[in-house]
Structures are given as C-alpha cells and as structure tokens.
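Subject: Structure handover

Hello,

Here is the structure we talked about. Please open it first, then read the notes below.

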Amino acid sequence: MDWDKLRVFRTVADAGSLTRAGEILHLSQSAVSRQIRSLEESLDTLLFHRHARGLILTEQGELLFKTADRIRAEIDRTQVRIREAMDSVSGELTVTTTTGFGTLWLAPRIGRLFSHHPELKIDLRLAERVLNLPMREADVAIRMKEPSQAELVRRRLMTVNMRLYATREYLDSRGAPGAIDGLRGHRLVSQSLATEQPGAAYAWVSPMLLADHDSHMTVNNYFGVLQAVLHGVGIGVLPDYVAEEFPQLIHVLPGEQSQDVPVYLAYPEELRHSRRVAAFREFVIEEITAYRRRHAARETADAAVKGGP
C-alpha cells in the first residue's frame with residue numbers, strides 16, 4: 001500500500017474536509033481527491049461518507065485509520081531509535097525518581113556524571129507519582145518497586161531497608177531505647193501513613209506510628225524527616241542509604257528494620273540504544289556497585305564491633 005496515499009487519507013480523516021486537508025498538505029483539493037479515490041479503488045471500498053458538513057469515515061475507513069495510526073506510531077518510534085543511536089552524549093535527559101532517593105542519594109552523586117559528560121543536560125523530576133515512560137513523560141526512572149508499565153527495559157539495582165536513626169546529641173539527652181517498645185518514650189519522626197511510600201516501608205512503620213507515643217512528627221518526604229532528625233527533633237525512620245552521606249547519624253535498634261525495598265531502573269524500549277540513556281545507566285550502576293561495596297564493609301565492621309573481642 002502506498003504510504004503517501006495513507007498519509008493523505010489520515011490528514012483528510014483528521015481534517016474532515018478535502019479543502020482543509022489540501023491546505024495542510026500544500027496540495028490542491030483535486031489532488032487530494034484523486035489520492036483518496038485511488039486509495040478507495042485499490043481497496044475496492046468506500047472510506048468516507050460524503051455529507052454537506054464534511055467527510056465522515058465509513059466502518060472500513062475507521063479500520064484503515066486505526067491501522068494507519070499504528071504504522072505512524074511505529075515509524076515515529078523507529079525515527080527516535082535512529083536519532084538516539086546517532087546522538088552523542090549531549091542534550092537533555094529527563095530522569096524521574098522519588099523525592100527521597102533523588103535528594104538524598106542521586107543528586108549528591110550526579111556531579112560525577114557531568115564530569116564525564118559535560119554537555120549532558122539533566123532534567124531531574126522528583127515525584128512520588130509514577131510518570132508514564134511509554135508516553136515519554138520522562139526518559140529514565142528510578143523507582144522503589146518493579147515498574148508495571150509495558151514495553152520497558154528494567155533492571156534491579158539494589159535493595160533498601162528502612163531503619164531508625166538519631167543523632168548522638170539526642171540519644172545522650174534522652175537515652176537510647178533498648179527495644180522497639182522503648183520508642184514510646186521518644187519522639188518518632190517518619191513519613192505520614194497517608195504519604196505514597198513503598199509497601200514494605202508502610203508495613204514496618206505503621207505499627208510504630210499507631211502505638212501510644214508521648215510525641216511524634218510526620219513529614220510528607222524523607223528529606224524533611226532527615227532534616228528534623230539532624231536537628232535533634234527525635235528518632236527518625238529513614239532509608240539505610242542516608243547513613244553513608246550523614247555519618248553523624250546513629251543507627252538505633254540495629255536488629256530492627258523493614259523488609260527489603262527493591263530499587264529499579266527503567267526506560268522505554270525505543271531508548272535502548274540511546275547514548276544518553278546508556279551513559280546515565282552506566283553511571284548509576286557504577287555508583288550503586290561502589291555504594292553496595294562500602295555498605296557491606298560497614299555492616300561487617302559494625303557486626304564485628306557488636307560481637308566484641
């Protein structure tokens with residue numbers, strides 16, 4: 001089937017008029033009419049009902065229009081793949097992740113990506129709402145659960161656990177709880193149960209928040225929780241990756257933590273060969289590999305200290 005005729009057909013169907021379609025395509029009305037007539041003859045069917053108020057697709061025309069739309073979408077995706085494969089590591093890359101991970105883990109490290117690719121432009125969108133990657137609301141996502149959207153390339157990066165942290169000054173003034181029940185005598189700082197958060201985090205923190213506390217404080221993101229804890233407000237529920245960036249935090253009740261929260265990297269299939277996406281992916285993998293190595297060493301050292309001589 002002649003793609004030029006299909007292109008004319010789609011334009012006529014959208015415009016509802018031969019005259020308007022001709023203006024869009026920079027063709028005469030008669031040229032547009034000939035293309036439509038030729039397409040109808042090749043298919044041996046009418047594609048439009050002719051009315052005084054314009055053209056309306058027949059049932060067969062609706063079917064062809066949907067098929068033409070699918071072909072156009074596939075051509076657009078192919079063009080994106082070709083452009084991305086030819087691009088250098090420059091230009092804009094839209095990255096989305098949660099507010100906590102973006103502010104506390106990703107943003108402090110992203111300077112190392114720019115040091116290797118100074119012409120890259122990162123648009124970092126921090127939101128708990130999952131942006132639609134197939135609809136290109138973002139190019140790459142880092143999320144605290146496996147993406148459910150279809151046609152995505154995905155990779156599990158690491159796991160995170162929620163833990164309890166406080167400053168040395170706070171613990172010196174209030175004392176350290178010896179068990180989870182001891183938190184009732186402290187001010188607990190955490191995300192609100194109404195805030196979007198990983199299921200494992202919610203399941204772990206909800207019994208503590210619903211217990212009888214002298215005082216507690218809830219915030220709608222982990223950055224706010226961290227700031228409160230650093231300033232001695234109370235004992236905070238935070239992801240374990242904050243301990244590396246803020247060594248002044250003391251891990252309270254080391255035997256208590258949430259179930260694993262998986263961290264995934266995802267991007268649309270059509271960006272599989274994008275050099276910008278590849279550069280960001282390799283940067284994140286390198287950073288996480290180094291983080292996991294340091295994290296494991298720190299856990300081993302902590303266990304040795306607790307075990308004693």
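Start with helix α1. Its buried residues are K5, L6, V8, F9, R10, T11 and V12. Buried means under 20% relative accessible area, exposed over 50%, and partly exposed in between, with a 1.4 Å probe and protein chains only.

Some ground rules. This is a predicted model, in which local features need pLDDT of at least 70, side-chain atom pairs count only at pLDDT 80 or more, and totals for chains, interfaces and linings use all residues. Residues are numbered from 1 along each chain as its sequence is written, and side-chain values use heavy atoms, without hydrogens and water.

Back to α1. The helix covers residues 3–15, 13 residues in total. From first C-alpha to last it reaches 18 Å, close to the expected 18 Å at 1.5 Å a residue. That expected span is 1.5 Å times one less than the number of residues. Just after α1, G16 has a positive phi of about 75°. Helices (H or I, at least four residues) and strands (E, at least two) are DSSP runs, numbered from the N terminus.

Next, the aromatic rings. The structure has 5 aromatic pairs. F9 and F65 make an edge-to-face pair, 6.5 Å centre to centre with 65° between the planes. This pair links distant parts of the chain: F9 is in α1, F65 is in helix α4 (residues 59–86), and they are 56 residues apart. F9 counts as buried because its relative accessibility is 0%. F65 also counts as buried, because its value is 15%.

F280 and F283 form a tilted pair, 6.0 Å centre to centre and 55° between the planes. Both lie in helix α11 (residues 275–307), 3 residues apart, about one turn of the helix. F280 has a relative accessible area of 1%, so it is buried. F283 is buried too, because its relative accessible area is 6%.

Ring pairs also link F9, F48 and F65 into a cluster. For all of these, rings of Phe, Tyr and Trp (its six-membered ring) pair if their centres lie within 6.5 Å; planes under 30 degrees apart are stacked, over 60 edge-to-face, and the rest tilted.

Now strand β7, residues 162–167. It is mostly covered, with 6 of its 6 residues buried. In a regular strand the side chains alternate between the two faces of the sheet. Here M162, L164 and A166 point one way, while R163, Y165 and T167 point the other.

Which strands does β7 join? It runs antiparallel to β10 (residues 235–239), with 4 bridges between them. It also runs antiparallel to β11 (residues 249–252), again through 4 bridges. Y165 has G236 as its bridge partner in β10. L164 stands opposite V252 in β11. Two strands pair if DSSP finds at least two bridges between them.

Finally, the whole protein. There are 11 helices and 12 strands. The radius of gyration is 28 Å, well over the 19 Å that the globule rule gives for 309 residues, so the protein is more spread out than a compact globule. That radius is taken over C-alpha atoms, and the rule is 2.2 Å times the number of residues to the power 0.38. The C-alpha atoms fill a box of roughly 90 × 45 × 25 Å along the principal axes. Of the 309 residues, 44% count as buried.

Best wishes
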